[in-house]
Amino acid sequence: DARDPLGCRCQELERKIMGMPGSKKLILVLNKIDLVPTNILDKWRNYLRREFACILFKANTQGQRSNLSSNNFFMNSLGNKEDLINELLHSSKALGPENLLQLIKNYSKTDGVKQAVTVGLIGYPNVGKSSVINSLKKTRAVGVSSLPGYT
């Protein structure tokens, strides 16, 4: 959750995952980016990237098939275009699914050959895990609720 990135992490679990056999990769997904000022987001992204890959993400808030964004959201390329950034952040479209999927695809390659991967999504209640899945699948695959423990 972009509102409290460190409070929503479980670094003990991250260490356990990285210590497991096999080549595990962690991607930090900073969700709900529309609820945080862009200058703060940029600082958090830079801080978190020191440890793992970090994707800025805003889940879709409307009908998945018709409103899912096909635009890539790169903070660096937007530069000082504050109006455009705010327009994208406050739209009903998802931002970041393409970047996350591309990163997972890159991680699935071994010596240039694609391998099957298993993706796990972990996080505290109400940080947007189900919304991330729905935005990636471009459909309502998982129920969403403001009540902790719904899914």
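The largest pocket of this predicted model is lined by 41 residues, of which K25, L26, I27, G120 and L121 lie nearest its centre. A pocket here is an open set of points on a 1 Å grid over the protein atoms alone, where a 1.4 Å probe fits, with protein on both sides within 12 Å along at least five of seven lines. Lining residues have an atom within 4 Å of a point. The chain has seven helices and four strands. Helices (H or I, at least four residues) and strands (E, at least two) are DSSP runs, numbered from the N terminus.

Residues are numbered from 1 along each chain as its sequence is written. Local features need pLDDT of at least 70, side-chain atom pairs count only at pLDDT 80 or more, totals for chains, interfaces and linings use all residues, and side-chain values use heavy atoms, with hydrogens and water left out.

**The largest pocket**

- Helix 1 (11-18), strand 1 (27-30), helix 6 (97-107), strand 3 (109-110) and helix 7 (129-137) are the elements that give two or more residues to the lining of the largest pocket.
- Helix 7 supplies the largest share of that lining, with five residues.
- The space in the largest pocket is about 1300 Å³. That volume is the space filled by probe spheres set on the grid points, which are joined across faces, edges and corners.
- The lining residues divide into 25 nonpolar, eight polar and eight charged. Ala, Val, Leu, Ile, Met, Phe, Trp, Tyr, Cys and Pro count as nonpolar, Asp, Glu, Lys and Arg as charged, and the others, Gly among them, as polar.

**The chain as a whole**

- Along the sequence, the elements follow the pattern α-β-α-β-α-α-α-α-β-β-α.
- Of the 151 residues, 33% are buried. Buried means under 20% relative accessible area, exposed over 50%, and partly exposed in between (1.4 Å probe, protein chains only).
- Among contacts with a separation of 6 or more, 70% are between residues 24 or more positions apart. Contact means heavy atoms within 4.5 Å.

**Buried residues in the helices**

- In helix 6, P97, N99, L100, L103 and I104 are buried. Seen down the helix axis, these buried residues fall within an arc of 165 degrees, so they line one face of helix 6. The arc is that of the directions from the helix axis to the C-beta atoms.
- The buried residues of helix 6 pack against strand 1, strand 2 (53-56) and helix 7.
- P97 belongs to helix 6. Its relative accessibility is 3%, so P97 counts as buried.
- Helix 2 (38-48) has T38, L41, R45 and L48 as buried residues. Down the axis of helix 2, its buried residues fall within an arc of 90 degrees, so they line one face.
- Helix 7 has S130, S131, V132, N134 and S135 buried.

**D1 and its surroundings**

- D1 sits in the segment before helix 1. D1 is buried, at a relative accessible area of 12%.
- The side chains of D1 and R3 are joined by a polar contact of 2.6 Å. A polar contact is a pair of N or O atoms within 3.5 Å; within protein, one must be able to donate a hydrogen and the other to accept it, and residues adjacent in sequence count only if both atoms are side-chain atoms.
- Apart from neighbours within four places in sequence, D1 is in contact with C8, L30, N31, K32, N126 and V127.

**Loops and backbone angles**

- K32 is in the loop between strand 1 and helix 2. K32 is not a glycine, yet has a positive phi of about 65 degrees.
- N126 is in the loop between strand 4 (113-114) and helix 7. N126 also has a positive phi of about 65 degrees, although it is not a glycine. At 30% relative accessibility, N126 is partly exposed.
- S108 lies in the loop between helix 6 and strand 3. With 7% relative accessibility, S108 is buried.
- A polar atom of the S108 side chain lies 2.6 Å from the backbone oxygen of K105.
- Beyond neighbours within four places in sequence, S108 is in contact with V113, K114, Q115 and V117.
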